[in-house]
Amino acid sequence: MLITQGSLTIRNAAAADAAQLGLWWRDGKVMAHAGFPNGLAISDADIAKDLETDTDDTCRRLIIQVDSVPVGEMNYRNKGHHTAEIGIKICDFSMQDKGYGKRFLCMLIDALFGSLGYDKIILDTNLSNTRAQHVYEKIGFRKVGEQINAWKNQLGELQSSVDYELLKSDYICRIKKG
């Protein structure tokens, strides 16, 4: 996948990105919202090897860039029945709160509903991540459930999440290309 819109780019993650992904994934501040406040214990070599298994039909880890500089990652996973599950992290904290998340999400959703032929997109986020929930709802995602105290983070603390879905017929974002 390669999607560009002005200064923004979404591209497939490759073995050459393993070191950058490793820096982000091992950083507890970046990974706390995903339940890993101590970061992940994973090597760059393991990340590179794992990226080799990505395919358009199963899952893709993606690098998001602003002005050709990696600022975070996205992913999608084929869940079957024309449904994709997505995730996004803007890992460079200085690039957060600038509207990039919504723009990157809309770029990916356009591709998933358009050229990749999905009919539904699902995602979840930590219940305490109200900023992300606002963005998802603004794009058109509909809250379909909450999982209260359903899992524990690395520190053993109970966490809750909220589940969202977006149907192709309800999608309203559609950023103008060019």
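The model is a predicted one.

**Stop 1: Asp 44 and Arg 26.** Select this pair. Asp 44 makes a salt bridge to Arg 26, with 2.9 Å between the closest N and O atoms. Asp 44 sits in helix H3, while Arg 26 is in the loop between H1 and helix H2 (28–31), so the bridge ties together parts 18 residues apart in sequence. Asp 44 is partly exposed, at 29% relative accessible area. Arg 26 is partly exposed too, at 33%.

**Stop 2: Glu 73 and Lys 89.** Move to this second bridge, where the N to O distance is 2.9 Å. Glu 73 belongs to strand E4 and Lys 89 to strand E5 (residues 83–90); the two are 16 residues apart.

**Stop 3: Lys 79 and Glu 85.** Here the side chains meet in a salt bridge at 3.6 Å, N to O. Lys 79 is partly exposed at 44%, and Glu 85 is partly exposed at 24%.

**Stop 4: a network.** Select Asp 50, Asp 54 and Arg 61. Salt bridges link these three in a network.

**Stop 5: helix H3.** Show residues 44–51. Which residues of H3 are buried? They are Ile 47, Ala 48 and Leu 51. They span an arc of only 100 degrees around the axis, so they lie on the same side of H3. An α-helix has 3.6 residues a turn, so residues three or four places apart point the same way. Turn to the other side of H3 and find Ala 45 and Lys 49, both exposed. The buried residues pack against helix H1 (18–25) and strand E3 (59–66).

**Stop 6: aromatic rings.** The structure has five aromatic pairs. In one, Tyr 76 and Tyr 118 have ring centres 6.4 Å apart and planes at 70 degrees, so the pair is edge-to-face. Tyr 76 is in strand E4 (residues 69–80); Tyr 118 is in the loop between helix H4 (100–113) and E6, 42 residues apart. Both tyrosines are buried.

**Stop 7: Leu 123.** Finish in strand E6 (residues 120–126), which holds Leu 123. Leu 123 is buried, with a relative accessible area of 4%. What does Leu 123 touch, beyond residues up to four places away in sequence? Its contacts are Ile 86, Tyr 136, Phe 141, Val 162, Asp 163 and Tyr 164. Now color Tyr 136, Phe 141 and Tyr 164: they form one aromatic cluster.

Technical notes
Residues numbered from 1 in each chain as written. Predicted model: local features only at pLDDT ≥ 70, side-chain atom pairs only at ≥ 80, totals over all residues. Heavy atoms only, no water. Helix = DSSP H or I, 4+ residues; strand = E, 2+ residues; numbered from the N terminus. Buried < 20%, exposed > 50% of the residue type's maximum accessible area, 1.4 Å probe, protein only. Contact = heavy atoms within 4.5 Å. Arc of directions from axis to C-beta. Phe/Tyr/Trp six-rings, centres within 6.5 Å; stacked < 30°, edge-to-face > 60°. Salt bridge = Lys/Arg side-chain N within 4 Å of Asp/Glu carboxyl O.
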